[in-house]
Amino acid sequence: MSDSMPAQEGPVPEPEPAPDPAAPAPLGVPRVPTGKAEVDALLERLADADHLAADGHLEVYEDVHRGLRDALTALDRRPHDPSHNHRS
């Protein structure tokens, strides 16, 4: 042992592994409730993508898109309420 190098005491700490850029990570995008239970449930479904690898996002996005499209289509199918006639 030389005087220029002090003796090492105790175990050497292992370096922390580098983060995996492909690992799932939450995007941190807030979802604001709309007040419509069906739509809010679909928006919350987007949080599922936070825990999936990128190749799993498509299934979640397509599911949410389909649900939102169905909710909008259902609005067109409802009978029109004559009291909401906006003609002058």
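Trainee: How many helices and strands are in the chain?
Mentor: The chain has 2 helices and 0 strands. Those are DSSP runs numbered from the N terminus, with helices being H or I of at least four residues and strands being E of at least two. Keep in mind that this is a predicted model, where local features need pLDDT of at least 70, side-chain atom pairs count only at pLDDT 80 or more, and totals for chains, interfaces and linings use all residues. Residues are numbered from 1 along each chain as its sequence is written, and side-chain values use heavy atoms, with hydrogens and water left out.

Trainee: OK, salt bridges next. What's the count?
Mentor: The count is 3 salt bridges, taking a side-chain nitrogen of Lys or Arg within 4 Å of a carboxyl oxygen of Asp or Glu. Side chains of opposite charge can pair when their charged atoms come close.

Trainee: Which residue does R45 pair with at 2.6 Å?
Mentor: That's D63, with 2.6 Å between the closest N and O atoms. This pair links distant parts of the chain: R45 sits in helix 1 (residues 37-45) and D63 in helix 2 (residues 57-77), 18 residues apart.

Trainee: And what does D48 bridge to?
Mentor: D48 pairs with R45, and their closest N and O atoms are 2.7 Å apart.

Trainee: Where do D63 and R66 lie?
Mentor: Both are in helix 2, 3 residues apart, or about one turn of the helix. Put together, R45, D48, D63 and R66 are linked in a network of salt bridges.

Trainee: Why does R45 count as partly exposed?
Mentor: Because its relative accessible area is 22%, and partly exposed is the range between buried (under 20%) and exposed (over 50%), using a 1.4 Å probe and protein chains only. D63 is partly exposed as well, at 27%, as are D48 at 35% and R66 at 41%.

Trainee: Switching topic: which residues make the nonpolar surface patch?
Mentor: L27, V29 and Y61 make it, and it covers about 310 Å². Patch residues have over 30% relative accessible area and no salt bridge; like charges are joined within 9 Å, and nonpolar side chains (Val, Leu, Ile, Met, Phe, Trp, Tyr) within 5 Å. V29 is in the segment before helix 1.

Trainee: What share of the residues is buried?
Mentor: Buried residues are 14% of the 88 in the chain.

Key: Accessible areas come from the Shrake-Rupley method with a 1.4 Å probe; for residues, only the protein chains shown count as cover.
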